[in-house]
Amino acid sequence: MNQAPSRREIIEAFIPNSRHAVQLGIRVISIGADEAVLELPFKPELATIADVVHGGAIGALIDTAAMAAAWATDDTPESPAGSTVSLSVNFAAAADGVDLRAHARVARRGGRLSFCEVSVTDPGGGVIAHGIATYRFG
């Protein structure tokens, strides 16, 4: 008897095969209960001016990390569907030619909604951006 995959198993398989994540270079570092750590390696195609990483790329990293944290449970979903319904990003500093790491965690989980917080840091631990996202299942 085959058991349906958990949400965590679905997201662990999804991100490395997402054309958008692959195009940006986003990769999963770790996924734990209600949390995820993702990286966005620097590449010149992500720069907006000189080597400064474009805010849209950072926003996409935040959105993807929040989604990963929302899916980071051992629950078996009714369907493998969901979407971000709200995303807010605040930028604290420029990311000048560096790899970025997003630490996402679920602040509150409801029936169909998960409320997530994401911090994006540079290799020295300096905060580049902070985001909050609401993710809906189904």
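Tutor: Start with a definition: rings of Phe, Tyr and Trp pair if their centres lie within 6.5 Å. In this predicted model, Trp-71, Tyr-135 and Phe-137 form one aromatic cluster.

Student: How many aromatic pairs does the structure hold?

Tutor: The structure holds two.

Student: Why is the pair of Trp-71 and Phe-137 called edge-to-face?

Tutor: The ring centres of Trp-71 and Phe-137 are 5.2 Å apart and the planes stand at 70 degrees. Planes over 60 degrees apart count as edge-to-face, so the pair gets that name.

Student: What parts does this pair tie together?

Tutor: Trp-71 lies in the loop between α3 and β5, and Phe-137 in strand β8, so the pair ties together parts that are 66 residues apart in sequence.

Student: What makes Tyr-135 and Phe-137 a pair?

Tutor: Their centres are 5.4 Å apart, and the cut-off is within 6.5 Å. With 70 degrees between the planes, this pair is edge-to-face.

Student: How do you know that Trp-71 counts as buried?

Tutor: Buried means under 20% relative accessible area. Trp-71 has 3%, so Trp-71 counts as buried. Phe-137 at 4% counts as buried, and Tyr-135 at 5% does too.

Student: Where does the charged end of Arg-7 sit?

Tutor: The charged end of Arg-7 sits over the ring of Phe-137, 3.7 Å from its centre.

Notes. Residues numbered from 1 in each chain as written. Predicted model: local features only at pLDDT ≥ 70, side-chain atom pairs only at ≥ 80, totals over all residues. Heavy atoms only, no water. Phe/Tyr/Trp six-rings, centres within 6.5 Å; stacked < 30°, edge-to-face > 60°. Helix = DSSP H or I, 4+ residues; strand = E, 2+ residues; numbered from the N terminus. Buried < 20%, exposed > 50% of the residue type's maximum accessible area, 1.4 Å probe, protein only. Lys NZ or Arg CZ within 6 Å of the ring centre and 35° of its normal.
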